[in-house]
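Trainee: Hi! Could you walk me through this protein in plain words?
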Amino acid sequence: MTKSYYLTTPIYYVNDAPHIGHAYTTLACDVLARFKRLDGFDVKLLTGTDEHGQKVAKSAADAGVDPKAFTDRVSQNFRDLADAMNFSHDDFIRTTEDRHKTASQAIWKAIAAGTSPKGNNNIYLASYPGWYAVRDEAFYSEAELTIGADGKKIAPSGAEVEWVEEPSYFFRLSDWQDTLLEFYDANPDFILPKTRRNEVTSFVSGGLQDLSVSRTTFKWGVPVPGDDDHIMYVWLDALTNYITGVGYPETETGEYATYWPADLHMVGKDILRFHAVYWPAFLMAAGLEPPKRIFAHGWWTNEGQKISKSLGNVIDPHDLVDKYGLDQVRYFLLREVPFGNDGDFSPTAMINRMNSELANDYGNLAQRVLSMVNKNCDAKVPEPGALTDADEALLSAARGLLDKVRDAIDVQAFHVVLETIWGEIRAANGYVDAQAPWKLAKEDTGRMATVLYVLAEAIRHLALLTQPFMPEASGKILDQLGVSEEARTFEFYGPDHALVAGTFLPKPEGVFPRFQEEAGKDGG
Ligand code: MSP
């Protein structure tokens, strides 16, 4: 039976201008989704836009349009980003869709119908007096706040807070503390990386307060079932997208039955608490299973500075792709920092990676081998003779890569995957230098054919593995090796599907050009 793999990105605040931080979360998911598809899984990758809440209502009012017309327009920005980055999502959800209203109201009812582990109603009506940050769409306690330069109170995220006092439904989160701690204990890899897991468990161990889950002072949201004066708290609405995407409230058949619980919710570290504390509590309260894993990645800065509209240093992914190339940007973002840590973008770092690892290492390997085959082997896959120890060593290392890479992928260690692949690329370049096939072309064409065959076969393995990261460039390399479209999944990894001698190969062309700053352009 085919195994399923369901993974999600956060849904993006619809009124934000897409930047590399947004591109990063989805890119990580896209690579995982592509990898799992190649590895034979039935994958569903969900992304979309988060369209309700006070922040969106304010932006629409500022733009002088009604919120629906506003979100219809700006949601497109995230679809455009997905196209520009070559994301392969299977579904794009908007929280203003009817299917999502249905799911949100259904989860509310399921939570309200159940009782907490301490035998209380999960949801009760009271009044919320406290601090709210519109920018984060989050409530804060007095103790968490500091005083900003202008004397105003500031949330830990830096967002301004406002005093809110209104009737509100509450979710009895305080009753779920022990259940959550038991759940984290029983599922040690539920939150990765480990340091983030420790942050969450110590937060929960410190005690949980009930959570205000409805608002009455604005209307832009999903109405609370049975009480139209209230709309649902935007985070409860937003988190529910993950089950809307698989057809909730239908749970017995269809996508929910196939895909839930999700294998992974990928999130940035700033929204971990919502995903690792509130979301599993909501789900358990509704009698639903929590997801299998939350991975919290780090944040990107721009040349050492926090990326923000007010600083004017937002990096537009479209500009990056235009300047450096799509696969180059995809490679850079996942190679530059250990996944989970914060990263810093700079043109110098980008160009260094492009020129040394893509152009010099990978591009050069493919280019010189394919050019020699074209020139010296009548543009056909050469016929190998007997293999030496060095030949066997290179090939068996290439064949062994998939298992290593799979382990790293399963813990979202993208940097380890790329380091492992690059170890083999460097070994292959070392083998080219040691075997010197250009000399063999004059002295021993039989041995030259063997060396070029071994290299072409090693490159086939490498290109199969780099497909999830760099789909276009890897596809071009596989084209140039004469590997058919159908023979590019991991089923074709290994010696049983080796290149067939005599296969005609198209004219080779470089895949990773060196980046050269155009004269006269500014240094960036
Ligand atoms: N709408 C909520 C998510 C709801 S999910 C049920 C939200 N949206 S967001 O647009 O602000 O952020 C979406 C993702 O982008 C988050 O994972 C966030 O961490 C990520 N990033 C935003 N800026 C970032 C950087 N500068 N660097 C890396 N990722 C960052 O939160």
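Trainee: What should I know before we start?

Mentor: This is a predicted model, where local features need pLDDT of at least 70, side-chain atom pairs count only at pLDDT 80 or more, and totals for chains, interfaces and linings use all residues. Residues are numbered from 1 along each chain as its sequence is written, and side-chain values use heavy atoms, with hydrogens and water left out.

Trainee: Okay, which domains does the protein chain have?

Mentor: The assignment gives domain 1 (4-298) and domain 2 (346-522); such bounds come from an automatic or database domain assignment. Their C-alpha centres lie 42 Å apart. The contact between them takes 15 residues from domain 1 and 18 residues from domain 2, where contact means heavy atoms within 4.5 Å.

Trainee: And how many residues are in the largest nonpolar core?

Mentor: That core has 103 residues, and Leu 334, Phe 414 and Leu 455 have the most contacts inside it. A nonpolar core here is a set of buried Ala, Val, Leu, Ile, Met, Phe, Trp, Tyr and Cys residues joined through side-chain atoms within 4.5 Å. Buried means under 20% relative accessible area, exposed over 50%, and partly exposed in between (1.4 Å probe, protein chains only).

Trainee: Which helix gives the largest share of this core?

Mentor: Helix H17 (residues 445-466), with 13 residues. Helices (H or I, at least four residues) and strands (E, at least two) are DSSP runs, numbered from the N terminus. The core also draws at least three residues from each of domain 1 and domain 2.

Trainee: You mentioned Phe 414. What is Phe 414 in contact with?

Mentor: Leaving aside neighbours within four places in sequence, the partners of Phe 414 include Ala 28, Val 31, Met 266, Leu 334 and Phe 469. There is also a second, separate core of 73 residues, which includes Trp 176, Phe 190, Ala 285 and Ile 294.

Trainee: Leu 334 keeps coming up. Is its helix, H12, buried or exposed?

Mentor: Helix H12 (residues 326-335) is largely enclosed by the rest of the structure, because 10 of its 10 residues are buried. Among them are Asp 327, Arg 330, Tyr 331 and Leu 334.

Trainee: Switching topic: which residues come nearest to the ligand?

Mentor: Of the 24 residues around the ligand, Ile 11, Asp 50, Gly 268, Asp 270 and Trp 300 come nearest; a residue is near a molecule if one of its heavy atoms lies within 4 Å of it. A polar side-chain atom of Asp 50 lies 2.7 Å from a nitrogen atom of the ligand. From the backbone, an N or O atom of Ile 11 lies 2.8 Å from a ligand nitrogen, and a polar atom of Trp 300 is 2.9 Å from a ligand nitrogen.

Trainee: How much of the ligand's accessible area does the protein cover?

Mentor: The protein covers 96% of the 670 Å² that the ligand has on its own. Elements giving two or more residues to the shell include strand S2 (12-13), helix H1 (20-38) and strand S15 (264-268).

Trainee: What is found in the loop between S2 and H1?

Mentor: Asn 15 is found there, and Asn 15 counts as buried at 15% relative accessibility. Its side chain makes a polar contact with the side chain of Ser 59 (2.7 Å). Asn 15 also touches Lys 55, Phe 70 and Lys 309, among others.

Trainee: What about phi at Asp 378 and Gln 412?

Mentor: Asp 378 has a positive phi of about 55° although it is not a glycine, and Gln 412 has one of about 60°. Most residues other than glycine have a negative phi.

Trainee: Are those two buried or exposed?

Mentor: Asp 378 counts as exposed, at 61% relative accessibility. Gln 412 is buried, with a relative accessible area of 1%.

Conventions. A polar contact is a pair of N or O atoms within 3.5 Å; within protein, one must be able to donate a hydrogen and the other to accept it, and residues adjacent in sequence count only if both atoms are side-chain atoms. Accessible areas come from the Shrake-Rupley method with a 1.4 Å probe; for residues, only the protein chains shown count as cover.
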